[in-house]
Amino acid sequence: MNCEVCGEADSMSYTCSRCGDTYCVTHRLPESHDCTGLAIDKAQREMIRAEGGEIPWFDDESGQPLSEGRESANRNSQSNLWPNTILLVFIALLAVLSLGYFTFSFLGIFL
């Protein structure tokens, strides 16, 4: 199939999910082929913002917006990292101390 932008025949053609046209590897992204569907989506978002509406960050499978936005999702994921980070540091410290103990034991030096 031929690319709608450059006309190149490509065995790996892509169909844009927004506008439905076919593109080559170079022009497969909506930003690369000045997608009309992307322009319509942006205009709709701007209208919603101008009316004071809120743009959901993510829609679930049913198409209903989730109640939490990007900021709270990032905050939740960062707060869950601390216990794992502390555990990882503890395990690394334990491994270094064990390696040192076995090295000194092997050499005949006891602490």
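Mentor: Contact means heavy atoms within 4.5 Å. This is a predicted model, where local features need pLDDT of at least 70, side-chain atom pairs count only at pLDDT 80 or more, and totals for chains, interfaces and linings use all residues. Residues are numbered from 1 along each chain as its sequence is written, and side-chain values use heavy atoms, with hydrogens and water left out.

Trainee: Which residues does His33 touch, not counting residues up to four places away in sequence?

Mentor: Val5, Cys16, Cys19, Tyr23, His27 and Arg28.

Trainee: Why is His33 called buried?

Mentor: Its relative accessible area is 7%. Buried means under 20%, exposed over 50%, partly exposed in between (1.4 Å probe, protein chains only). So His33 is buried.

Trainee: What makes Arg18 and Asp41 a salt bridge?

Mentor: The rule asks for a side-chain nitrogen of Lys or Arg within 4 Å of a carboxyl oxygen of Asp or Glu. Here the N to O distance is 2.2 Å, and the side chains meet in a salt bridge. The pair links distant parts of the chain, 23 residues apart: Arg18 sits in the loop between β1 (14-15) and β2, Asp41 in helix α1.

Trainee: Why does Arg18 count as partly exposed?

Mentor: Arg18 has 39% relative accessibility, so it counts as partly exposed. Asp41 is partly exposed too, at 24%.

Trainee: How many salt bridges does this rule give?

Mentor: The count comes to 2. Glu46 also forms one with Arg49, the closest N and O atoms being 3.1 Å apart.

Trainee: Where do Glu46 and Arg49 lie?

Mentor: Both are in helix α1, 3 residues apart, about one turn of the helix.

Key. Helix = DSSP H or I, 4+ residues; strand = E, 2+ residues; numbered from the N terminus.
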